Amino acid sequence: MTLIEGKEIGVTADKGEDAEIASFIKPFHDHIEADMAVVLATAPVTLDKSGQWQTPIGNLFADVTLQKCDSVFLKRENKHIDFCMLNAGGVRSIIAAGNVTMKTAYEIMPFENACIVAEMKSGQIAEMLNYIIAEKKPHPLSGISFTIGKDGTAKNIVIAGQPFDENRTYYCVTNDYLYLGGDNMVFFAKGAKSYPLDYKLRNVLIDYFKQATTITAPTNPRITVEK
């Protein structure tokens, strides 16, 4: 048996900076910082993560994902995406009032998650709605709305502007992490087919910022609660 010994070397501020390494990476660091500071759009007001069932930033993120991915899906499959569902925890920052930069997109979506379209039958959608209600988190939604009844069930379900049809197959865009069961969203992968779009969520935001110029929050409600 070979004995291997080692010791922990803490990477802390008191170790100081290696001047040679700092000098080597400086051009790369400066180039990245310059790219991150490029102004893509402006936001008149802050889009934050406030709200019980939906948030300004979440609504925007879901709307943009649905819009941008639908054009890709239509070209590839000659079909439209019906709705979008993302996860509240995946929205990592806000859009502060003022300049919206490349860095803003990286702060909101620091992960390498890519978009994927899942075929969903009525049973999967019912499971998804029950999950949302039980979670009590503002998971970003677009293209779908419903009311939480007094009995705690989903009512008045509308998808792609039409009443929910239990006999239809729907197409939902989400991200690959959730499709694979992340955050216990196991309902996506129960469908017969999926369509990877090779389109990162971060790039969805960047493309939108470049095109939109002025960023405003959607105001249409996704979830209402029966009184």
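Visitor: In which sense do strand β7 and β8 pair, and over how many bridges?
Guide: This is a predicted model, in which local features need pLDDT of at least 70 and side-chain atom pairs count only at pLDDT 80 or more, while totals for chains, interfaces and linings use all residues. Residues are numbered from 1 along each chain as its sequence is written, and side-chain values use heavy atoms, with hydrogens and water left out. Strands (E, at least two residues) and helices (H or I, at least four) are DSSP runs numbered from the N terminus, and two strands pair if DSSP finds at least two bridges between them. For strand β7 (residues 154-159) and β8 the pairing is antiparallel, over two bridges.

Visitor: What is the bridge partner of Val-158 in β8?
Guide: Ile-159 stands opposite Gln-162 in β8. For Val-158, the bridge partner in β8 is Pro-163.

Visitor: Which residue takes a positive phi in the hairpin of β7 and β8?
Guide: This hairpin has two residues between the strands. The positive phi, near 55 degrees, belongs to Ala-160.

Visitor: What is the strand order of the sheet that holds β8 and β11?
Guide: β8 (162-163) and β11 (223-225) are the edge strands, each pairing on one side only. The sheet is open, has four strands and is mixed in its pairing. Its order is β8-β7-β6-β11.

Visitor: What angle does helix α4 make with β6?
Guide: Helix α4 (residues 122-135) packs on that sheet and touches β6 (144-148), β7 and β11, where contact means heavy atoms within 4.5 Å. Axes are lines fitted to C-alpha atoms, for helices over the stretch in contact, and angles run from 0 to 180 degrees between N-to-C directions. Between the directions of α4 and β6 the angle is about 60 degrees.

Visitor: Is Gly-152 buried, partly exposed or exposed?
Guide: Gly-152 is found in the loop between β6 and β7, and its C-alpha is 8.8 Å from that of Asn-130, 22 residues apart in sequence. Buried means under 20% relative accessible area, exposed over 50%, and partly exposed in between (1.4 Å probe, protein chains only). With a relative accessibility of 33%, Gly-152 is partly exposed.

Visitor: How many residues of strand β4 are buried?
Guide: Ala-114, Ile-116, Ala-118 and Met-120 point one way from β4, Cys-115, Val-117 and Glu-119 point the other way, and all are buried. Strand β4 (residues 114-120) is therefore largely enclosed by the rest of the structure. The count of buried residues is seven of the seven.

Visitor: What is the order of the five-strand sheet?
Guide: β4 pairs in the antiparallel sense with strand β9 (residues 170-175) over six bridges, and with strand β10 (residues 194-200) over four bridges, also antiparallel. The edge strands are β5 (141-142) and β10. The sheet is open, with mixed pairing, in the order β5-β2-β9-β4-β10.

Visitor: At what angle do the axes of α2 and α6 cross?
Guide: Helix α6 (residues 201-212) comes within 10 Å of helix α2 (residues 56-77), axis to axis. Residues of the contact include Leu-60, Phe-61 and Cys-69 of α2 and Leu-201, Val-204 and Tyr-208 of α6. The axes cross at roughly 90 degrees.

Visitor: How far is the sulfur of Cys-69 from the closest cysteine sulfur?
Guide: Cys-69 is buried at 0% relative accessibility. A search of the whole structure finds zero disulfides (cysteine sulfur pairs within 2.5 Å). The closest sulfur to that of Cys-69 is in Cys-115, too far for a bond, at 3.5 Å.

Visitor: Which cysteine has the sulfur nearest to Cys-84?
Guide: Cys-84 is in no disulfide, and its relative accessible area of 0% makes it buried. The nearest cysteine sulfur is 6.3 Å away, in Cys-172.
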